[in-house]
There are 2 protein chains.
Amino acid sequence: MSSDPLVIFTPSGKRGNFPVGTPVLTAARQLGVDLDSVCGGRGICSKCQVTPSVGEFPKHGVTVSEDALSEWNAVEERYKSKRGLIDGRRLGCQATVQGDVVIDVPPESQVHKQVVRKRAEARDITMNPSTRLYYVEVEEPDMHKPSGDLQRLYEALKNQWDVDVQRVEMNILQDVQKVLRQGQWKVTVAVHLGDHLRRPKIMHVWPGFYEGTIYGLAVDLGSTTIAAHLCDLKSGEVIASSGLMNPQIRFGEDLMSRVSYSMMNEGGDLEMTRAVREGMNALFVQLAAEAGVDKALIVDAVFVCNPVMHHLFLGIDPFELGQAPFALATNESISLSAHELDLNIHPSARIYLLPCIAGHVGADAAAVALSEAPDKSEELVLVVDVGTNAEILLGNTDKVLACSSPTGPAFEGAQISSGQRAAPGAIEKVEINPETKEPRFRVIGSEIWSDEDGFSEAIATTGITGICGSGIIEVIAEMRIAGILDASGLIGSAEQTGSARCIADGRTNAYLLWDGSADGGPTITVTNPDIRAIQMAKAALYSGARLLMDKFGVDTVDRVTLAGAFGAHISAKHAMVLGMIPDCTIDKVTSAGNAAGTGARIALLNTDARREIEETVRKIEKIETAVEPRFQEHFVNASAIPNSVEPFPILESIVDLPAVSFNTGGDKEAAGGRRRRRRG
Amino acid sequence: MSSDPLVIFTPSGKRGNFPVGTPVLTAARQLGVDLDSVCGGRGICSKCQVTPSVGEFPKHGVTVSEDALSEWNAVEERYKSKRGLIDGRRLGCQATVQGDVVIDVPPESQVHKQVVRKRAEARDITMNPSTRLYYVEVEEPDMHKPSGDLQRLYEALKNQWDVDVQRVEMNILQDVQKVLRQGQWKVTVAVHLGDHLRRPKIMHVWPGFYEGTIYGLAVDLGSTTIAAHLCDLKSGEVIASSGLMNPQIRFGEDLMSRVSYSMMNEGGDLEMTRAVREGMNALFVQLAAEAGVDKALIVDAVFVCNPVMHHLFLGIDPFELGQAPFALATNESISLSAHELDLNIHPSARIYLLPCIAGHVGADAAAVALSEAPDKSEELVLVVDVGTNAEILLGNTDKVLACSSPTGPAFEGAQISSGQRAAPGAIEKVEINPETKEPRFRVIGSEIWSDEDGFSEAIATTGITGICGSGIIEVIAEMRIAGILDASGLIGSAEQTGSARCIADGRTNAYLLWDGSADGGPTITVTNPDIRAIQMAKAALYSGARLLMDKFGVDTVDRVTLAGAFGAHISAKHAMVLGMIPDCTIDKVTSAGNAAGTGARIALLNTDARREIEETVRKIEKIETAVEPRFQEHFVNASAIPNSVEPFPILESIVDLPAVSFNTGGDKEAAGGRRRRRRG
């Protein structure tokens with residue numbers, strides 16, 4: 001036994017002794033090493049490439065000689081000359097063991113390879129797609145043993161791959177005889193491996209060995225935008241990404257106006273269902289064209305969205321989501337076929353929708369939970385997905401709480417006098433000199449600050465058109481730091497602040513950020529109503545977070561993760577000055593980008609993650625802010641900048657917020673009244 | 001314990017002691033007595049009706065007093081006054097045990113009642129339908145415990161009925177919120193209970209208590225006729241039966257011409273698929289109208305058909321079935337949804353196709369096997385389904401063999417000079433006086449023989465139009481008995497037979513059965529080509545049966561069952577004179593009627609029967625006649641009437657077949673040549 005050569009695989013470290021002549025693929029399989037193969041060792045697919053190492057390996061206690069593997073055989077030679085093979089690589093199914101050997105399995109030869117995510121706090125994605133390709137040789141029909149062609153295909157999958165399929169879609173059943181004969185009883189089969197509710201199912205059959213790959217879609221269906229990634233289900237790579245406006249926007253900008261539309265218009269929900277599905281199909285055409293991929297090769301798709309989008313996409317009237325108790329039709333994940341949703345990809349492509357967490361906390365929040373995994377964090381992490389509705393998660397390995405809070409569209413630049421969507425020309429970064437109260441800023445499309453040389457040239461094409469969401473956060477926070485704005489949210493007058501930029505605006509004041517009137521451009525000011533709008537939005541966000549902290553029994557969190565496109569551009573310091581998020585060490589406030597989209601991609605590439613997030617969602621404690629008495633109290637406190645009662649010690653250690661007050665007369669009284677109520 | 005009253009249920013005989021006050025339904029459930037309930041004991045559905053018996057029951061050892069059950073309560077009184085209740089009946093959920101009692105559960109209160117079949121040798125059908133109704137009360141939504149309406153419906157089914165549903169069709173998901181609120185959180189649910197491949201699934205939801213029933217279809221899809229039974233899935237009763245011509249007939253009368261059509265015409269298979277599905281839908285409209293039933297209440301349907309019909313119905317090109325090795329696309333049962341086959345019944349109605357046995361032996365033969373159950377017969381039984389193709393089963397509890405044999409359409413009156421389909425005016429029964437050689441006969445539509453008074457009046461409206469399949473069998477057999485026909489199949493001349501009815505017909509003779517020329521009607525003769533056509537057909541049938549007997553290692557069978565509409569009208573004696581079927585005691589030759597249709601009905605009403613026949617079909621030994629060398633030999637022998645080599649001792653004991661021979665010259669030599677080859 002010990003005379004058999006020792007085979008050691010890296011990176012797994014799995015090892016065993018095998019008789020001389022054992023193919024490397026066979027050794028890998030017997031040891032349970034993750035080495036891919038589509039053709040089952042027939043030297044066709046080249047998926048089982050390995051790199052043998054030669055020399056001394058004290059760590060493993062072996063010396064590998066040059067002839068540790070067999071010489072190149074005809075199959076390998078032919079493969080190399082026809083398709084090419086990276087230097088040092090061998091085909092695992094052809095090379096056989098001749099002596100002690102150390103064999104590296106490169107990532108692209110692993111089935112369960114890791115798709116690396118760039119952020120430090122994010123975990124990599126383990127590849128485990130729903131659908132895999134198998135090459136099989138099927139027994140020919142025999143009059144003496146009458147069995148269906150399909151059953152012999154099932155048998156081949158069972159015998160050659162240990163894949164137990166008993167179901168097909170009708171279109172496969174209709175084609176299988178022709179394809180088997182075309183391929184001369186050799187075919188490549190795409191098998192959906194099933195889940196806890198469904199058995200494995202044949203998705204597609206190609207004659208002979210199919211050289212290509214199959215694809216999946218990860219779709220983030222937002223109220224405003226539909227964004228999708230087209231992924232290679234073999235490599236996990238994103239092949240193309242694209243987005244388009246949700247065509248439902250013509251029925252209402254925000255969710256509640258869409259719910260109203262369906263309530264006011266007979267069949268309005270169906271119109272919106274049709275619209276979003278059509279938009280989706282347009283997006284898929286676009287993606288497939290961009291990637292040069294046949295749409296029919298898209299065999300799996302994962303969708304994340306908020307509850308209203310979820311219901312409208314599925315053709316469920318969202319009526320109940322518009323009123324208490326906000327009952328979902330279903331809060332479980334959904335699995336169905338593409339044709340059931342009129343999606344023009346592979347007709348039997350499997351569609352998976354992540355579960356909704358509650359009537360106000362959707363599958364998008366579930367996807368954020370999957371991507372950011374608060375349930376796997378030792379630190380207590382607050383995850384905030386900022387949009388017109390903020391979804392908020394708070395948790396650690398002990399438990400996870402979730403709620404949503406109606407922030408409104410102010411963070412997206414709506415309801416702001418000079419507000420606009422994030423687009424070239426929009427002011428996105430602002431600094432105000434606390435001494436001079438003079439501002440400087442940058443606009444989207446240029447890296448040059450407004451007080452630097454070359455600014456006017458840099459913005460010549462875009463102009464300065466307004467302030468986007470992250471810009472409005474910054475300018476208000478900077479105004480507060482510069483003493484132009486007091487804690488109650490009032491802008492001081494020129495007299496009170498000593499800045500001519502503070503100009504009277506009806507009964508309140510406004511801060512002049514940019515006067516473009518000389519060039520016929522806009523005059524950009526921050527008005528007191530703008531401040532109010534942001535106060536309302538940030539108070540909603542903070543009080544949701546604070547409510548979860550109450551429920552968790554904590555006053556501070558260890559980390560804050562800002563998800564969503566907006567979150568990616570917010571400055572942590574400025575957000576904290578506004579009191580949008582709880583007091584926290586600045587470098588513990590990070591952005592997760594489109595975490596919902598990433599969650600969709602994880603669920604697409606790793607089916608285990610679907611079961612995982614379903615389980616997590618079941619365990620998440622859902623808090624309904626609308627019926628929590630303390631929510632109102634937190635909201636009132638959080639209306640102040642940063643907060644009228646809660647301390648922000650970390651913030652205070654890095655920023656000095658002037659104790660100015662621009663209240664006069666009635667306003668002051670009103671503020672006092674609020675405070676009294678809160679304490680009463 | 002022994003002081004608790006004793007409750008004895010009949011007919012099960014199950015008994016137990018229960019505390020005073022126990023509802024009868026509760027007692028029944030605890031004892032596992034089959035007592036139905038849809039409303040779960042709420043006094044709404046009345047399915048749990050029972051009949052208490054009063055008096056002495058020495059057999060059970062109890063005396064039941066008048067007050068053994070509780071007095072009528074308000075619910076029972078109200079039910080009786082509103083809906084009526086058969087005298088002596090009580091509602092099992094309302095009546096409570098007060099003393100020792102004997103309680104009869106009438107058949108209509110049993111879930112697994114027996115649907116009685118009339119034939120002595122046929123087993124009754126045990127009711128166990130795929131889909132059942134459940135009345136549930138669903139928890140209302142609660143903001144503090146956000147869960148989907150659907151999940152609360154699932155929970156209600158689980159808690160109140162122990163039915164574990166996790167799947168719905170999209171249309172249910174789209175409607176469930178509305179229906180739950182309409183029913184004020186009380187709904188009736190139709191649940192498909194699933195099978196080995198599929199989990200239980202909600203098919204339909206009605207607000208409140210649904211008073212009605214649900215339906216299923218048993219469809220026998222023949223090459224010529226589509227016949228369907230509409231069944232009540234609760235009672236098992238056939239509510240309506242109807243049939244129509246298979247619209248595919250316009251593409252070819254017989255199977256092979258349809259296969260050719262699809263080979264010769266691009267898309268021809270799809271045309272035929274469309275045609276048969278359209279025909280099916282027309283038939284369903286007709287059935288539903290006849291029964292006054294909403295088609296959307298048809299939630300289950302079982303189809304049986306031969307392999308070519310099976311493939312064309314499913315949209316599979318039957319090309320492979322037209323040539324060796326006759327490979328089926330699939331030989332397993334098929335489960336799918338109505339909409340996948342464009343059938344206009346309940347959109348998610350479950351469709352079940354029985355498995356095909358082999359490329360020539362279809363799901364119809366499987367259905368015959370289910371109905372006639374040769375695998376459960378102690379006696380060796382030969383089951384023959386006679387059509388243009390004869391499907392033949394031979395077996396007993398040891399094993400079952402199957403084959404098909406191409407009999408052609410002669411048995412259906414085609415290829416016969418005076419042949420016609422069985423319809424009023426067709427001669428169906430014939431007797432020939434062996435002395436006078438004079439015939440008498442009966443036609444379909446009249447019970448009067450042609451030599452009896454009133455015959456002309458009886459047939460005045462129909463006339464005498466031709467000979468149907470059973471008539472041709474009888475007349476040829478009678479000709480053989482009367483010595484007009486010899487064993488080789490030659491009709492004697494007037495001179496040879498001494499009968500003026502034997503008239504010269506080219507180089508051979510014909511027998512004049514009826515001369516209607518005086519009245520302008522047809523002259524009906526049996527010609528020698530007619531005899532040849534029947535010889536070919538019956539030889540094919542017999543040699544198939546004989547081949548199975550060879551394989552079984554027997555020379556005789558205990559029973560013969562003739563299935564199919566044709567089989568229902570064949571006289572056993574005449575069939576045996578012709579040598580269509582093996583020699584057998586006459587009263588052991590019985591007709592099973594449309595056994596394939598009955599098999600479909602069994603599979604519809606009892607889902608266990610589906611697993612059972614799948615298992616049986618897997619075990620059936622399939623014999624392909626085309627490649628069996630002995631088939632030809634048997635065929636040649638069986639061309640003689642009854643057979644040139646095999647003895648028919650039982651037949652000989654009751655019928656004397658004259659040893660006539662009308663061969664002359666060349667014909668004789670040919671016959672001798674055949675005989676020599678056979679023995680060589």
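1. Confidence in the complex. The structure is a prediction, not an experimental result. For the complex, the predictor reports an ipTM of 0.85 and a pTM of 0.85.

2. Confidence in chain A. Mean pLDDT for chain A is 91. A pLDDT of 70 or more is reached by 97% of its residues.

3. A stretch to read with care.

4. Make-up of chain A. Chain A has 680 residues, and 51% of them are buried. Its secondary structure consists of 19 helices and 31 strands.

5. Extent and fold of chain A. Along the principal axes, the C-alpha atoms of chain A fill a box of roughly 100 × 65 × 55 Å. Take the contacts in chain A between residues at least 6 apart in sequence: 66% of them link residues at least 24 apart.

6. The contact between the chains. Chain A puts 39 residues into the contact, and chain B puts in 39 residues. On the side of chain B that touches chain A, the elements giving two or more residues are helix H3 (149-161) and helix H4 (170-182) of chain B. H4(B) gives the most, with 5 residues.

7. Which kinds of residue form the side of chain B that touches chain A? There are 19 nonpolar, 11 polar and 9 charged residues.

Methods:
Residues numbered from 1 in each chain as written. Chains lettered and ligands numbered in written order. Predicted model: local features only at pLDDT ≥ 70, side-chain atom pairs only at ≥ 80, totals over all residues. Contact = placed C-beta atoms within 7 Å. Helix = DSSP H or I, 4+ residues; strand = E, 2+ residues; numbered from the N terminus. Nonpolar A, V, L, I, M, F, W, Y, C, P; charged D, E, K, R; others polar. pLDDT = per-residue confidence, 0-100. Buried ≥ 20, exposed ≤ 12 C-beta atoms within 10 Å, placed from the backbone.
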